[in-house]
Structure formats: structure tokens, C-alpha cells
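Subject: Handover of a structure and a summary of its features

Dear colleague,

Please find below the structure that I am handing over to you. A summary of the findings follows it.

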Amino acid sequence: MTIQRVVLNSRPGETGSPVAENFRVEEVNLPDNINEGQVKARTLYLSVDPYMRCRMNENTGTDYLTPWQLSQVVDGGGIGIIEESKHTNFSKGDFVTSFFWPWQTKVILDGNSLEKEKGHVAAGSNQTMVVSAAAGACGSLAGQIGRLMGCSRVVGICGTQEKCLILTSELGFDAAINYKEGKVAEQLHELCPAGVDVYFDNVGGDISDAVISQMNQNSHVILCGQISQYNKDVPYPPPLPPAVEAIRKERNITRERYLVINYKDKFESGILQLSQWFKEGKLKIKETMINGLENIGAAFQSMMTGDTSVGPVHLQRGLHLCLCRKLPNLHLFLASLLVLRTFTSNLRARTTPPSPIDMSVNKICLSP
């Protein structure tokens, strides 16, 4: 069987910006037969995420991420449907997911590496939450979940007026800031008069410095990502400027990262709650759709530069914005950690710092 796959064609360099040409699509043969314990699946969704920029380097800078190898197939979070199974836990037609799904149209995988996609929560808080990259896959969900969990005010930061409008008119944010127009610090002071209690940080850099400078005593930074720093040769998480770090220490602001892979036992219950919210219309999902596996490199580049419209990126027919209706999905799968680790247990009191979270996803959808 001939399939398409995506391999790493070249490395951008530790301080270079990724481009579509760093990836190459090629055709290879997939064996017709599978062994005991394996499954054959058709790929439905692939995740293109900021953390993957580290995997494009020869040294990822971490002990939990391995680098992609040149001319070898790229992998990451993915969802597919099983077409053939020789594993006792899976049957034809099951939807499955893995954090190490090859970027291929069809795959043969060890069934023990997979989980079935399935579709919980309680909390209360009365805090002001700020979300950077608020129109992205993580930020757009984080803000909505913050509202659902009791945050009294949710303010998003993004890069266009169109995205600001979507945040406030469709996704339930109280206000939105276009960081390309005016000074973020001044707008934050106006929109968050009581200060900031929770900051969901997707970007790092100057924007995060402005937010942290206006955070309250005993507040918390949820360190999801630092996309503005990924093309720089700096440690992760990047250190704050001395003046901002002094504020963080003086006000006892916690800033830690959270590794989603350490909390797999929380996925199922989180997905159940997220799915329920979606079905009830309480959680809305915006996605950008792009057609063709051959365009995954361009989609990755677009995700890194913020050129995509709103929400995660899918590969499908045509380029358009849509409301996802195939639940549960990979970004809900990861977003469950936000609910369970951040809002449910730690937004109850300003004096109890919540655990951080590291979750981000854009998706490539492969049409049959």
C-alpha cells in the first residue's frame, strides 16, 4: 500500500525561523500485514504545536523531548480511526490517539502506545484572568474554561482586530487587546483595574512582562508556552528580565511549567467534562482548515508566525474557519488538563497558587 508521509527535510538552526521547506512529503510503501499487538489506522488529525520547534534542533534542550531526525518521519500528537486490529483492546472503527503519531496518511502502530478517544469537574473562583495568544488553540479554550470555572473577568491578548472581535462576541471574553495597536501595559491597566490573578501564558517576551508587572500578590502564571522565544537560543522556560523577576518574587507570583504527559490519569475525566460543555453550547471551538498533507509544512510555519486565523489548524478541503463538530478532539484532550489541574483545584483562593500547565495544539485534519 502506497501512503504519504512527512519527513524532516532540513533544520532551521537554533536561532532560525522554521519554513515550510524544512519539511518534505514523500510516498512510501506501508506493509499490507500487521503483527499481533499492532493496529493499522487512518490518520484523521495531526497536531502542529509550538514545542515541536525544539524537536527541529539537533539538541532539544530538554531531557523529555527527542529531536526529529533528518529524512525520517516526523511525529507528534494525533488521532486516527482503526482499520485493522490485532490488539485485544481495539477493534475496527475505534478512534485512537497517541502523542507520537507519525505524520502519515496511514500508520501501523503498537496498540499499547494508543488510547481510545472518549469524551468531568467542579470549581469556583472570583478572579481576573488574562490569556495571551487568546485566539489560538490553547488560549481560546483557556479563556472560556476560566469563565466556566468562575473567573469574574477574562481578558484576551491577540494580534488582530478580527480576532479581538471573535473573542468578545463569540467566545465570551470580557475584553480583548490587540497587542499590535497601542501599549499592552496601558490597556491592561484600564481593562484589569483590580489587577491580574491568573495569567495563562502562551507567548513569553514583552507581552508577558507587561502582564506579570500588573499581577496581584500570590497570583499565578500558568506557563503553557513561550512561542515568542522558541527561535532564540535561551533556556526553557526563558528567564524573566531582572525588573520583572523582582516583581514576581516581591509579590510571590508563582511561575512554573506543567508537563501534560505527567497527568495522563486525568485525561478521561477531563474530556468527559469538556465534551459535555461543548454539547451544551458552553464551550465553542474555532478552527482553521487547510487542505492536503503536502501543506503541513506551510501550516506549521503559519502556526509559528501567528498568521493563522483563529483556533487550531486543520488540514482539510479548502481554507476556512469552522466550528469543530467531531468531539472529542485532540485539543479538548489536552485542554482537560487545564480544567483538572488549574481551575478545579487551584482557582478557589488567591492565596493558593495553582499548578501550571503546558498544553498547546494546532491540528491537521486529513480528509478521507
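Which residues touch the most other members of the largest nonpolar core? They are Phe23, Trp68, Trp101, Trp103, Leu114, Ile296 and Phe300, in a core of 25 residues. Please keep in mind throughout that this is a predicted model.

At least two residues each come from strand E1 (2-8), strand E3 (38-47), strand E5 (95-102), strand E6 (106-110) and helix H8 (296-305). Of these, H8 gives the most, namely four residues. There is also a second, separate core, which has 21 residues, including Ile157, Leu191, Ala210 and Met215.

The structure holds four aromatic pairs. In general, two numbers describe such a pair: the distance of the ring centres and the angle of the planes. For Phe23 and Trp68, the centres are 6.2 Å apart and the planes make 70 degrees, and the pair is edge-to-face. Phe23 belongs to strand E2 (residues 23-29), while Trp68 is in the loop between H1 and strand E4 (75-85), so the pair ties together parts that are 45 residues apart in sequence. Phe23 and Trp68 are both buried. Together with Trp103 and Phe300, Phe23 and Trp68 form one aromatic cluster.

Four bridges join E13 to strand E12 (residues 215-223) in the parallel sense. In this pairing, Val221 stands opposite Arg255 in E13.

Arg55 deserves a separate paragraph. This residue is located in helix H1 (residues 52-55). Is Arg55 buried or exposed? Its relative accessibility is 4%, so Arg55 counts as buried, the cut-off for buried being under 20%. The side chain of Arg55 makes a polar contact with the side chain of Asp75, at 2.9 Å. Leaving aside residues up to four places away in sequence, Arg55 touches Arg11, Thr60, Leu65, Thr66, Pro67, Trp68 and Asp75. One of these, Trp68, is the partner of Phe23 in the edge-to-face pair described above.

Finally, please look at the backbone at two loop positions. Ala133 is not a glycine, yet it has a positive phi of about 50 degrees. Ala133 sits in the loop between strand E8 (128-132) and helix H2 (137-148), and it is partly exposed, with a relative accessible area of 30%. Asn252, also not a glycine, has a positive phi of about 55 degrees. The loop that holds Asn252 runs between helix H6 (242-250) and E13. What is the relative accessible area of Asn252? The value is 44%, and Asn252 is therefore partly exposed.

Yours sincerely

How values were computed
Residues numbered from 1 in each chain as written. Predicted model: local features only at pLDDT ≥ 70, side-chain atom pairs only at ≥ 80, totals over all residues. Heavy atoms only, no water. Core = buried A, V, L, I, M, F, W, Y, C linked by side-chain atoms within 4.5 Å. Buried < 20%, exposed > 50% of the residue type's maximum accessible area, 1.4 Å probe, protein only. Pairing = 2+ DSSP bridges. Polar contact = N/O pair within 3.5 Å; in protein donor to acceptor, adjacent residues only side chain to side chain. Contact = heavy atoms within 4.5 Å. Phe/Tyr/Trp six-rings, centres within 6.5 Å; stacked < 30°, edge-to-face > 60°.
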